[in-house]
Every structure is written in structure tokens, then in C-alpha cells.
Amino acid sequence: MSEAQWERTLTVTTAEHTHALAAAVGGVLEAGDLLVLTGELGAGKTTFTQGLGEGLGVRAGIISPTFVLVRIHPNLPDGPRPGGPDLVHVDAYRLDSAAEIDDIDLENTMDTAVTVVEWGRDRVEHLSDSRLEIDLHRAVGGEGPTATADGDVLDFDTDDDDEPRTIVFRGFGPRWAEAPNILETSENGGN
């Protein structure tokens, strides 16, 4: 696996902050972009994708595609980016391999849409020379996930969206040779 060309770490404090940051990122995405979202349950992957959808100008109503694997959200002709790319939202949680990703035939939409794959790490890298990896980490008391004495990570109340998250962005390949300006100038701070 190739090394990231750059990495930026930002902290968001609320679900609205996560949504707004993702909307800004969505504003710089282009057809053919592949995003890989990683994070524990309740970390904010769907909230982030909803913000991306807003920034891309696609139809509202983004929910996790957990049971259908893939949802396509069309660009709105009267939205903020008429003629822009559609959003293909994939949940790879139940998929075990790159071969299973190939079975859902994302190649048909990769060139004309922005493809966001939740739980896609080690499953989708073969789909594109470039990708933007986004890791969302939910903090509890600023210390990160809580673990039991046995080392099991405790499940979180996914209704509590207003606790800090750390979001790590990594760029791979020629499309992401440099970090988008939005990550450099964000009020969230960066590394």
C-alpha cells in the first residue's frame, strides 16, 4: 500500500461542525474522486457524508446504505453545483474483500460521480490511482474511545452527536498531491 502524500488532523466539536466541514470539502470534489471513510460506529461517517452531499449539491436524504450496500444521490440541476457529479455512497461493512467490492460494479459510476465508501479501507484502493482517506474518531472526555478491562471498546450512544471528533485526512495519488486549501485554512486548525 502506498504512503500518504500528506495528512491533516482537525478537531470538530459538534455534528453541525462536522457537517459544515464536510460541505466545504464537498465543494472541492470532482467526478472520479474516491473517498474512504473509516471510524467506529457513531463516529460521524454518515453525518460527514450528508455534509459532502450538501457541498456537492445532491438530493437531500442521505442515510447509511448499510442494508442496500450502495445508494446513488443525483446532482440537483437547481442546486449549488448544477451539472456537478452525483454522489455514490457505499457501505462496505459487510463486505470481506476487494472482490466483493468488484461485484457491486462501482466502475460504472467512478468516472461520473464522487464515490464515498464507508468501511472501505483495504477493500477499494484498487478502484482508483488516487483517494482521499478520512478517519473519524469519537472522543470520550477528550481521551478517545473507552475500553473495558478486557480491552473491548464500548459502544457509544449514537444519538449524542455533540461531542468532539478528531478527523484525519490523508491524500493518496496524483489527484491529492496537495491538501485542499479548505484543510489548510480551516478554523479547526491543522497539522
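Here is a short chat about a predicted model and the labels put on its parts.

Student: Why is Phe48 called buried?

Tutor: Its relative accessible area is 0%, and buried means under 20%, so Phe48 is buried. Phe169 also comes out at 0%, so that residue is buried too.

Student: What makes Phe48 and Phe169 an aromatic pair, and why is it called tilted?

Tutor: The ring centres are 6.1 Å apart, and rings pair if their centres lie within 6.5 Å. The planes sit at 55°; under 30 degrees would be stacked and over 60 edge-to-face, so this pair is tilted. The structure holds 2 aromatic pairs.

Student: How do you know that the pair links distant parts of the chain?

Tutor: Phe48 is in helix α2 and Phe169 is in strand β7, 121 residues apart. Both are also among the residues with the most contacts inside the largest nonpolar core, which has 26 residues. Helix α2 and strand β7 are among the elements giving two or more residues to that core.

Student: What is Leu35 in contact with, leaving aside its neighbours within four places in sequence?

Tutor: The list includes Leu29, Leu52, Val116 and Ile134.

Student: What makes you say the charged end of Arg131 sits over the ring of Phe172?

Tutor: The charged end is 3.8 Å from the ring centre, and the distance cut-off is 6 Å, with a further limit of 35 degrees from the ring normal. Arg175 likewise has its charged end over a ring, that of Trp176, 4.1 Å from the centre.

Key
Residues are numbered from 1 along each chain as its sequence is written. This is a predicted model: local features need pLDDT of at least 70, side-chain atom pairs count only at pLDDT 80 or more; totals for chains, interfaces and linings use all residues. Side-chain values use heavy atoms; hydrogens and water are left out. A nonpolar core is a set of buried Ala, Val, Leu, Ile, Met, Phe, Trp, Tyr and Cys residues joined through side-chain atoms within 4.5 Å. Buried means under 20% relative accessible area, exposed over 50%, partly exposed in between (1.4 Å probe, protein chains only). Helices (H or I, at least four residues) and strands (E, at least two) are DSSP runs, numbered from the N terminus. Contact means heavy atoms within 4.5 Å. Rings of Phe, Tyr and Trp (its six-membered ring) pair if their centres lie within 6.5 Å; planes under 30 degrees apart count as stacked, over 60 as edge-to-face and the rest as tilted.
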